[in-house]
Every structure is written in C-alpha cells, then in structure tokens.
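Please keep the sequence and the structure in view while reading.

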Amino acid sequence: MTETSHQSAKWDAQLRKGTLELAVLAAVAGEEKYGLAILNYLHGFETMVISEGTLYPLLDRLKREGVLNAKWHQEGEVRPRKYYSLTESGLERLHILRARWKRSVVDMESLLADSKSGANNSTDNGKETGKRKG
C-alpha cells in the first residue's frame, strides 16, 4: 500500500464514521431493503465500503431508536429476510442529517477555496466573511 492509498483509506474510514448513519438512512429512503441489499448498495460507493459487522449493529441501534422499522419477509423457498424502512422519525432524522451534511459541504468548500487562493483569515476571525459560526 502506497502512502497515498494509505492516507485515502484512513480518510475514508474517518469519513464513514461520521456519515454512515446518514448513508444508511438514505439507502432505505423511498424503498425498504434487507441488510445484504443495503450492504451491496453502499458498496457501490467508493467511500462506503463497510462490513456486515458494522452495518447490522447500526441497523439494530436505529431500529431501537425508532428510526427504522424492520419486518421479516419470506420470498419463495429462500430463507426469510429482514427488511428495513424509515419511520416518520427516521424520515425527519434523514432531513436533519441531510441539511447538516449540505451545510458541512458548503463550509468545507469555503475553507478549501480560501486555502486555494492563499487567503488567510487569521486576522479577521471570520467576522468579515460571516462564513464561520461563532
């Protein structure tokens, strides 16, 4: 593993820690899915490759919190699968987390634009630009 790929893997792991709940809620929004389908869906995104050992405890926690519904379905001769869907509370949480994510992206893009232009706002403490909270 090169240093660059090591740093990318480390970044991805940190990013997932903060965004996995949002990703899972988004994955089941509009369509109920069973665990493996959620896992495979997330694996379609480069930074969202997680293990079953990460996903299933999160699904259980979200169910306990009333954010997800879970029900078993038997389809033909295959073993039953537990399908997850958003509750009203889950939909509300998805909206809140989505708004916070979008705010974070705007803030980060501002920070990166400032650093790219070489601007250093250390003297204005963010008061002039109004970009920073506080």
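Two strands are taken to pair if DSSP finds at least two bridges between them. In this predicted model, 3 strands form an open sheet in the order 1-3-2, with antiparallel pairing. Strand 1 and strand 2 (68-73) are the edge strands, each of them pairing on one side only. Strands of a sheet pair through backbone hydrogen bonds, in either a parallel or an antiparallel manner. Between strand 1 and strand 3, which run antiparallel, there are 2 bridges, and Tyr34 has Tyr83 as its bridge partner in strand 3.

How many aromatic pairs does a search of the whole structure find? The search gives 2 aromatic pairs. In one of them, the ring centres of Tyr34 and Tyr83 lie 5.3 Å apart, and because their planes meet at 70°, where over 60 degrees is required, the pair counts as edge-to-face. This pair links distant parts of the chain, since Tyr34 belongs to strand 1 (residues 33-34) and Tyr83 to strand 3 (residues 81-86), 49 residues apart. Tyr83 has a relative accessible area of 10% and is therefore buried. Tyr41 and Phe45 also form an edge-to-face pair, with 5.4 Å from centre to centre and 70° between the planes. Tyr41, at 39% relative accessibility, counts as partly exposed, and Phe45, at 41%, likewise counts as partly exposed.

Charged side chains also meet these rings. The charged end of Arg81 sits over the ring of Tyr34, 4.1 Å from its centre, while the charged end of Lys33 sits over the ring of Tyr41, 4.9 Å from the centre of that ring.

A polar atom of the Lys33 side chain lies 2.5 Å from the backbone oxygen of Ala27. Leaving aside residues up to four places away in sequence, Lys33 touches Ala27, Val28, Ile38, Tyr41, Lys82, Tyr83 and Tyr84; this list includes Tyr41, over whose ring the charged end of Lys33 sits, and Tyr83, the bridge partner of Tyr34.

Finally, a word on confidence is in order. The mean pLDDT of the protein is 88, and 87% of its residues reach 70 or more. Over residues 122-130, however, the pLDDT is below 50, and this stretch has 6 contacts in the model beyond near neighbours in sequence.

Conventions. Residues are numbered from 1 along each chain as its sequence is written. This is a predicted model: local features need pLDDT of at least 70, side-chain atom pairs count only at pLDDT 80 or more; totals for chains, interfaces and linings use all residues. Side-chain values use heavy atoms; hydrogens and water are left out. Rings of Phe, Tyr and Trp (its six-membered ring) pair if their centres lie within 6.5 Å; planes under 30 degrees apart count as stacked, over 60 as edge-to-face and the rest as tilted. Helices (H or I, at least four residues) and strands (E, at least two) are DSSP runs, numbered from the N terminus. Buried means under 20% relative accessible area, exposed over 50%, partly exposed in between (1.4 Å probe, protein chains only). A charge sits over a ring if NZ of Lys or CZ of Arg is within 6 Å of the ring centre and within 35 degrees of the ring normal. pLDDT is the predictor's confidence in each residue, from 0 to 100. Contact means heavy atoms within 4.5 Å. A polar contact is a pair of N or O atoms within 3.5 Å; within protein, one must be able to donate a hydrogen and the other to accept it, and residues adjacent in sequence count only if both atoms are side-chain atoms.
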